[in-house]
Amino acid sequence: FSYKPEFINVSFSKSNDPNLITAKVRWRLRILCRRDPAVHLRVLLSGTAKLEKNIPKFKYVASDSTKLYADDETSFPDLVPYSNYALQFITDDHSNDAKNRVTTTKSFRTPHGVPTSRPTIRPIVRGVNDCIENKRNVTVVWTPPPVKGRNGIIRNMTVKYFKKKSVPQLIFLPNVTSTVIFGLDCDVEYQVQVRACMHVNESCSPYSDAQVIPIQFRDDGTETPDGSNVFLWASVGVGLPVTLVALAACQYIYRRKRRTPLEQLKENVDYEYETAEKTDLSEMGNYDLVDEQGRYNDTVGSGNSDTF
């Protein structure tokens with residue numbers, strides 16, 4: 001009887017739960033005598049938990065030309081995904097003498113499952129208020145899932161962002177912890193979530209809790225005007241200067257109307273001009289030196305007379 005297995009094979013199967021893995025172990029021992037091949041065989045599995053299967057008899061005997069083999073198999077269910085295990089094949093002969101005991105060890109690792117823990121997004125602050133022409137580039141940062149709940153190697157991340165009543169947008173990334181979302185509207189609120197995947201959009205964890213990218217706010221606490229208010233703001237920008245000019249023009253006209261009008265001269269019947277205060281112009285100068293024919297008479301002053 002050969003006390004060491006000549007062949008050991010481990011295969012895996014998954015139930016409806018991808019994180020419950022069954023290891024199917026098959027082995028082959030060579031026997032020299034078909035009549036009495038029985039030996040005591042124990043198969044031990046050590047890892048997250050220790051399991052032992054006692055094999056008192058083999059299920060069937062196979063032959064290969066002149067050689068005989070004892071083939072058998074057993075299963076170990078509910079193994080943890082992506083975990084290391086060790087198989088031990090312990091054979092004892094009829095004497096049960098420990099000196100004759102033979103132990104054969106084989107190690108294996110279970111395949112990956114699906115992450116049960118999820119990433120955690122940090123509060124979003126970078127780029128939220130940096131708006132140019134109502135567009136902004138926002139940086140999203142997250143923490144990977146805890147190692148205990150990964151159930152495999154995280155190779156990809158999926159970022160999902162969306163606004164209310166819209167189709168979500170997906171970004172597929174390698175295993176990184178941050179990304180920049182370009183071209184978000186400043187006057188729109190968004191929500192962002194992240195999940196971890198074994199492969200691109202396959203074998204993924206649940207999405208993280210959503211983080212909100214808020215509408216941009218000014219220093220005075222008012223919201224940035226959205227598209228519906230752009231026309232209003234443009235009207236205010238154009239109408240205010242026009243209004244100021246109109247007010248200035250009205251004030252100018254009003255002041256002109258309040259000015260004191262010039263005093264008009266009144267002509268009497270004798271062609272004598274007097275002011276509004278009934279004062280004869282002759283009293284205001286030497287107009288009495290001119291006679292009725294328009295000749296200058298300075299006889300009062302010099303005694304000579306000339307004609308214009």
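Here is a short chat about the predicted model shown above.

Trainee: Contacts next. Taking those between residues at least 6 apart in sequence, what share joins residues at least 24 apart?

Mentor: For the protein chain, 60% of those contacts do.

Trainee: Switching to rings. How many aromatic pairs does the structure hold?

Mentor: There are 3 aromatic pairs. One of them is Trp27 with Phe89, an edge-to-face pair with 5.5 Å centre to centre and 65° between the planes.

Trainee: Where do those two sit along the chain?

Mentor: Trp27 is in strand E2 (residues 21-31) and Phe89 is in strand E7 (residues 84-92), so this pair ties together parts 62 residues apart in sequence.

Trainee: Buried or exposed, Trp27 and Phe89?

Mentor: Both Trp27 and Phe89 are buried.

Trainee: Now Tyr85 and Phe108. Why does that pair count as stacked?

Mentor: Because the planes of Tyr85 and Phe108 are at 20°, with the ring centres 5.8 Å apart, and planes under 30 degrees apart count as stacked. Tyr85 is in strand E7 and Phe108 in strand E8 (residues 102-109), so to speak 23 residues apart, and the pair links distant parts of the chain. Both Tyr85 and Phe108 are buried as well.

Trainee: Which residues do ring pairs link into a cluster?

Mentor: Phe12, Tyr85 and Phe108.

Trainee: What about charges over rings, where does the charged end of Arg109 sit?

Mentor: Over the ring of Tyr82, 4.5 Å from the ring centre. Lys160 has its charged end over the ring of Tyr207, 4.2 Å from that ring's centre.

Trainee: Last topic, the surface. Which residues make the nonpolar patch of about 270 Å²?

Mentor: Leu170, Phe172 and Val200 make that patch.

Trainee: Where does Val200 lie?

Mentor: Val200 is in the loop between strand E14 (190-199) and strand E15 (202-204).

Trainee: And why is Val200 called partly exposed?

Mentor: Because its relative accessibility is 48%, and a residue counts as exposed over 50% and as buried under 20%.

Methods:
Residues are numbered from 1 along each chain as its sequence is written. This is a predicted model: local features need pLDDT of at least 70, side-chain atom pairs count only at pLDDT 80 or more; totals for chains, interfaces and linings use all residues. Side-chain values use heavy atoms; hydrogens and water are left out. Patches are made of residues with over 30% relative accessible area and no salt bridge: like charges are joined within 9 Å, nonpolar side chains (Val, Leu, Ile, Met, Phe, Trp, Tyr) within 5 Å. Accessible areas come from the Shrake-Rupley method with a 1.4 Å probe; for residues, only the protein chains shown count as cover. A salt bridge is a side-chain nitrogen of Lys or Arg within 4 Å of a carboxyl oxygen of Asp or Glu. Helices (H or I, at least four residues) and strands (E, at least two) are DSSP runs, numbered from the N terminus. Buried means under 20% relative accessible area, exposed over 50%, partly exposed in between (1.4 Å probe, protein chains only). Contact means heavy atoms within 4.5 Å. Rings of Phe, Tyr and Trp (its six-membered ring) pair if their centres lie within 6.5 Å; planes under 30 degrees apart count as stacked, over 60 as edge-to-face and the rest as tilted. A charge sits over a ring if NZ of Lys or CZ of Arg is within 6 Å of the ring centre and within 35 degrees of the ring normal.
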